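Subject: Structure for you to look at

Hello,

Here is the structure I promised you. Please open it beside this email and follow along.

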Amino acid sequence: MELTVRRKAFLEELPDLVRKAVEEHGTALKGIEVKEDEKGCYTVMIIYDSELRP
């Protein structure tokens, strides 16, 4: 089953957030989407397969 986790972050926090997602979900990670809002904050959607998660 594919699941999505949504996180809010500022630009300087994005690299750490992405690194943590890759480490936490490993090969189950299907994708990461980053969208900026009008206030300069980012919404990060971390998509992973819950059945493959280590």
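One definition first: helices and strands here are DSSP runs, numbered from the N terminus. S50 is found in the segment after β3. Please keep in mind that this is a predicted model.

**The overall layout**

The protein has one helix and three strands. Along the sequence, they follow the pattern β-α-β-β. The C-alpha atoms fill a box of roughly 35 × 20 × 10 Å, taken along the principal axes. Of the 54 residues, 28% count as buried. The accessible surface comes to about 4000 Å². Carbon and sulfur atoms account for 51% of that surface.

Now the contacts. Take those between residues at least 6 apart in sequence: 58% of them join residues at least 24 apart.

The charges come next. There are 9 positive and 12 negative side chains. The centres of the two sets lie 3 Å apart.

**The helix**

Find α1, which covers residues 14–25. The helix has twelve residues. From its first C-alpha to its last it reaches 16 Å, close to the 16 Å expected at 1.5 Å a residue.

Which residues of α1 are buried? They are L14, L17, A21 and H25. An α-helix has 3.6 residues a turn, so residues three or four places apart point the same way.

What do the buried residues of α1 pack against? They pack against β1 (2–9), β2 (29–36) and β3 (42–49). Turn to the face away from the buried side, and you find the exposed residues K20 and E23. Just after α1 comes G26, with a positive phi of about 50°.

Start with E2, in strand β1. Is E2 buried or exposed? Its relative accessible area is 56%. Exposed means over 50%, so E2 counts as exposed. Leaving out residues up to four places away in sequence, E2 touches K30, I47, Y48 and D49. E2 and A28 are 26 residues apart in sequence, and their C-alpha atoms are 9.2 Å apart in space.

Go on to R7, also in strand β1. R7 is partly exposed, with a relative accessible area of 43%. Which residues does R7 contact, leaving aside its neighbours within four places in sequence? They are L17, Y42, T43, V44 and I46. L17 is one of the buried residues of α1. R7 and L52 are 45 residues apart in sequence and 21 Å apart in space, C-alpha to C-alpha.

Finish with S50, in the segment after β3. S50 is partly exposed, with a relative accessible area of 27%. Apart from neighbours within four places in sequence, S50 is in contact with M1 and L3. How far apart in space are S50 and L3? The answer is 6.4 Å, C-alpha to C-alpha, although the two are 47 residues apart in sequence.

**What to take away**

The pattern is β-α-β-β. E2 and R7 both lie in strand β1, while S50 sits in the segment after β3.

Best wishes

Notes: Residues numbered from 1 in each chain as written. Predicted model: local features only at pLDDT ≥ 70, side-chain atom pairs only at ≥ 80, totals over all residues. Heavy atoms only, no water. Helix = DSSP H or I, 4+ residues; strand = E, 2+ residues; numbered from the N terminus. Buried < 20%, exposed > 50% of the residue type's maximum accessible area, 1.4 Å probe, protein only. Contact = heavy atoms within 4.5 Å. Areas by Shrake-Rupley, 256 points an atom, 1.4 Å probe, with all protein chains shown as cover. Lys, Arg positive; Asp, Glu negative; His and termini not counted. Charge placed at Lys NZ, Arg CZ, Asp CG, Glu CD. Expected span 1.5 Å × (residues − 1).
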